[in-house]
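Please read the following report with the structure open beside it.

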Amino acid sequence: MIQRIKGTMDIFPDKTPLFRYIEGVMREEAQKYGFGEIRTPTIENTELFVRGVGDTTDVVQKEMYTFSDRDEGKSISLRPEGTASVVRALIEGGKCSDPMPLKYYYIISCFRHEKPQAGRSREFFQFGTEMFGSEDPASDATAIALAASVLRRLGIKKVGLHINSIGCKNCRPAYRSALVNYFSERRENLCELCKSRLEKNPLRLLDCKNPECKKIAAGAPRTLDLLCDDCKSKFTKLKLALDEMGIEYTVDPGIVRGLDYYTGTVFEFIYDGIGAQSTICGGGRYDGLVSSLGGPELPGIGFGMGLTRVILAMQEEGLDKIAVPTPDLYIAALGDAAQIKALGIVERLRAAGKWAECDLVGRSLKAQMKYANKTGAKYTLIIGDSEVECGRAQLRNMESGEQCEVSLSDFTL
């Protein structure tokens, strides 16, 4: 038997209503905030992610699915995240001169070669937003507010917003130097991964999950202590905006995010109760990303929200019981003439927007009624030779058991 690839999932019709419900909430909330849907390719040139996400990140070094295009020999990768593709589309589509801000959202599959575990798979589904053209912290607050509104509407309560600022190109070098000095003095106690990060990507040492590294990171220099005046001012304005919007938050110097393009504001919505993969939404500002990929100097902010982790949070709070749709009518037919008549009736009902079913596998009447009950059909109609001949049949309400006679020629629900 051919099995599904490790770290992927099959989602059957009894589970897809929950996904559709969550995606519907995400689409509706994004629209309320003025975000339009964008769709980008699943595959991109590998260079896009190397330059955009960062060649020192775990995503690029270890986790991307990369292969050679058989026609042109180019290196192609399955997208590991959504932002770089949106920026590429923005530049290539000539949107950088459109009226600002530009606001996009997407619901996509992403791919990373990681160890599969609860809340982490190799193909995962993500709701993301990107906003371009505004440096004002009001845009940061708006992005955060949209994420908060989705989680609030889904009813998720045990989630907290953590915010931080990791500085800009002016103050980041001083902070990077302070981090390298601090961790270098404690290098022998770091895990092997953090030792490799020390020179390449020292900010990642702050969110290592190794207990010893976490203990060391707790005493590390704080980004907020080394911000330039402009970054301090913007972070203060963000906090004032969130206060005014009624959005509670925790200032958390440990929030740094894992991709190289982040600068300034970074944030995560952290859920208490789903284990190690507790970040269900994360994002931040990436003011230099558009120019680094060949576009103009255009500031940006966005976030990604994992659908699987949202579902884990909903399950934890008993919010995942979404009703599975059921047929409006099931027609139990006995005999060839009755089956033909049943096919005509269900097709007319479907054209009128109803969900109607009839037997297609030759079940007995008893088996058909049992099947109708299993599907949760609201009504059943039994048709045999005599019903076809006289043009009338009995319609049964499956919940109440009440029956009434109906005409087959002009039958409707």
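Strand S15 and strand S16 (residues 403-407) run antiparallel and are joined by five bridges; here a strand is a DSSP run (E, at least two residues), just as a helix is a DSSP run (H or I, at least four residues), both numbered from the N terminus, and two strands pair if DSSP finds at least two bridges between them. The model is predicted, which is why local features need pLDDT of at least 70 and side-chain atom pairs count only at pLDDT 80 or more, while totals for chains, interfaces and linings use all residues. Residues are numbered from 1 along each chain as its sequence is written, and side-chain values use heavy atoms, with hydrogens and water left out.

S15 and S16 form a hairpin with five residues between them, and in the turn Gly-401 has a positive phi of about 85 degrees. On its other pairing, S15 (residues 392-397) runs antiparallel to strand S14 (residues 379-383), to which four bridges join it.

| Residue | Bridge partner | Strand of the partner |
|---|---|---|
| Ile-270 | Thr-279 | S10 |
| Phe-267 | Gly-283 | S10 |
| Arg-285 | Ile-301 | S11 |

How many of the seven residues of S10 are buried? Six of them are, and S10 is thus mostly covered, where buried means under 20% relative accessible area, exposed means over 50%, and partly exposed lies in between (1.4 Å probe, protein chains only).

The cysteines deserve a separate look. The structure holds zero disulfides, a disulfide being a pair of cysteine sulfur atoms within 2.5 Å. Cys-171 is in no disulfide, and the nearest cysteine sulfur, that of Cys-228, is 3.8 Å away; Cys-171 counts as buried at 6% relative accessibility. The sulfur of Cys-208 is 3.5 Å from the closest cysteine sulfur, in Cys-194, which is too far for a bond, and Cys-208 is buried as well, with a relative accessible area of 10%.

Ile-340 is found in helix H12 (residues 336-351), and at 57% relative accessibility Ile-340 counts as exposed.

Taken as a whole, the protein has 14 helices and 16 strands. Its radius of gyration is 28 Å, well over the 22 Å that the globule rule gives for 413 residues, so the protein is more spread out than a compact globule; the radius is taken over C-alpha atoms, and the rule is 2.2 Å times the number of residues to the power 0.38. The C-alpha atoms fill a box of roughly 90 × 50 × 45 Å, taken along the principal axes, and buried residues make up 46% of the 413 residues.
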